[in-house]
Amino acid sequence: MSHFLYLVRHGEQENAEHGIAEGPLSERGRAQAHAIGRKLARVPFTRALTSPLERAVDTAAIIDTYTQGPSFEQSNLLFDCVPSSGESAPAHYDSFFSGVEQADIEAGQAQMNDAITTFFTRSREDEHTLLVTHNFVIGYFVRELLGLPEWNWLTLSTGNTALTVLRLRSVRPDELKLFGDLSHLEPQDRTGINWYADV
């Protein structure tokens, strides 16, 4: 049987473009949360958790009005973080890591080690776990599933309220079922990721 992890990035944060680290959802972020809530309405969730940060809690509260199963719990394992050092990463990323304190990197690594142990579980019965969290956390989970080098979470970006689905299997290999799906949003409502004309 399978344990499905549904990873949802929070909706657009109000004033995020001004460098504000924490805050509620913008009006568009709330609309994004309603859209992903409708998309997930028929999934028989067995557990639902959210990062304690305001933008994630707001997103989860809206999703909760659509979904089946238990209400959301808050989990510190889903906090926004830098989940690894830049060791062995291409030099292209040196400027990013130079702006992060070593203590924050170590805390992020410890958090993600605990998160993998907690959430990457197998079951004899199908389970459906919904996690509302942050871009770097989702990238790290996907990196772990695919067995990529530790720094590769940096290359796995998702937009606001994008849906990623991991399938953890008891016998057969694990599967990445969906990555960064934004089909529930109109193109003009897709935020949090760079879009280019040639993509």
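**Strand pairing around S2**

Author: Thr50 has Gln74 as its bridge partner in S3. The chain crosses from S2 through H2 to S3, and this β-α-β crossover is right-handed, meaning that, with the strands pointing away from the viewer, the path from the first strand over the helix to the second runs clockwise.

Reader: How are helices, strands and pairs assigned, and what should I know about the model?

Author: Helices (H or I, at least four residues) and strands (E, at least two) are DSSP runs numbered from the N terminus, and two strands pair if DSSP finds at least two bridges between them. This is a predicted model, where local features need pLDDT of at least 70 and side-chain atom pairs count only at pLDDT 80 or more, while totals for chains, interfaces and linings use all residues. Residues are numbered from 1 along each chain as its sequence is written, and side-chain values use heavy atoms, without hydrogens and water.

Reader: How many bridges join S2 to S3, and in which sense does S2 pair with S4?

Author: S2 and S3 run parallel and are joined by two bridges. Strand S2 (residues 47–50) also pairs with strand S4 (residues 127–133), in the parallel sense over four bridges; there Ala48 has Leu130 as its bridge partner, and Leu49 stands opposite Leu131.

Reader: What is the order of the whole sheet?

Author: The six strands form an open sheet with mixed pairing, in the order S3-S2-S4-S1-S5-S6. Strand S3 (73–74) and strand S6 (175–181) each have a single partner strand, so one side of each is left without a neighbour in the sheet.
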